[in-house]
Amino acid sequence: MRCPSCQNENAVGAAYCDMCGCDLTPPKHGPVVESAPAPSPPPQPANPHQKRHTIFEPDPAAAPPPPVPRRSADFFANPPPRPTFDPRDPFAAASLPPSRPAAPVAPAPAVAPAPAPVAPAPAAPRPKARTIVETANEGTAAGLIRGALFEYRGLNDPGRVHPLRAGRNVLGRNAECDVVVDDGRVSGQHAFLFIRAEDASYMDVSSNGSIVNGAVVHGEQVVLQNHAVLTLGGTTLVLVIVPESLLSRRSP
């Protein structure tokens, strides 16, 4: 049986709704007879399955928060003066009460201006780089043959003989060099060989370097004695020097 109040399905023949307690007895049609009021039905126990609704209503006793006053344009155009404080004690103004004016700030003592920096003395000019070209010793005739480079290729093939003059001799692959070394691993100007009175000086200026008496020389200058062995690329050269003391001797 459906309850007309809450639409809850109840058992057939139930007198009251199990959900809301509504009277489910059908009305009896007949002559209206005034009778004593029917006794009120006994209170029904609370139904645990009955739906409950919680409504939160504002507390009328609680007053709404006061509106925050908006600052006018004059406040931003002319803000109130800030309290002054001593820069040596910045927390003094914050500790004063609002009604009490801040203490006057004593003027800071005058600080003597710092002396003007002295301009440093001009640095001495750096000496210019000079290129020193080594020449033959004094007393030797220019262009005098003083030795040779023997291009060694084997026991039975000594190869070419390159004469060396007193002073500077250029070794390299270029045809303008004094000693032309036909080797692809030799630079255009590979080294300078200076023939002096009793020995020689070798200066490597190549990109691949040279081997002098079994030691690698790259961008360095070394002193050579007679019979020194030079290796430029894959070419081996043996140095032979005629000392100047032998040239100055005269036969009796």
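A residue is called buried when its relative accessible area is under 20%, exposed when it is over 50%, and partly exposed in between, using a 1.4 Å probe and protein chains only. The structure described here is a predicted model, in which local features need pLDDT of at least 70 and side-chain atom pairs count only at pLDDT 80 or more, while totals for chains, interfaces and linings use all residues. Residues are numbered from 1 along each chain as its sequence is written, and side-chain values use heavy atoms, with hydrogens and water left out.

Side chains of opposite charge can pair when their charged atoms come close. With a salt bridge taken as a side-chain nitrogen of Lys or Arg within 4 Å of a carboxyl oxygen of Asp or Glu, the whole structure contains 2. One joins R196 to D199 at 3.1 Å, N to O, and both of these residues are buried. Another links R185 with D183 at 3.9 Å, N to O. Here R185 is exposed, with a relative accessible area of 51%, whereas D183 is buried at 12%.

The strands come next; these are DSSP runs (E, at least two residues), numbered from the N terminus, as are helices (H or I, at least four residues). Two strands count as paired if DSSP finds at least two bridges between them. An open sheet of 5 strands runs in the order β4-β3-β5-β6-β9, with mixed pairing. Its edges are β4 (179-180) and β9 (221-224); each has a single partner strand, so one side of each lacks a neighbour in the sheet. Within this sheet, β3 (residues 167-172) pairs with β5 (residues 191-195) in the antiparallel sense over 5 bridges, and R168 stands opposite F194 in β5.

Another open sheet has 6 strands in the order β2-β1-β11-β10-β7-β8, and its pairing is antiparallel. At its edges stand β2 (161-165) and β8 (215-217), each with a single partner strand, so one side of each is left without a neighbour in the sheet. Strand β7 (residues 210-212) pairs with β8 in the antiparallel sense over 3 bridges, and I211 has V216 in β8 as its bridge partner.

Finally, there is the surface. L144, V242, L246 and L247 make a nonpolar patch of about 300 Å², where patch residues have over 30% relative accessible area and no salt bridge, like charges being joined within 9 Å and nonpolar side chains (Val, Leu, Ile, Met, Phe, Trp, Tyr) within 5 Å. Accessible areas come from the Shrake-Rupley method with a 1.4 Å probe; for residues, only the protein chains shown count as cover. L246 lies in helix α3 (residues 244-248) and is partly exposed, with a relative accessible area of 45%.
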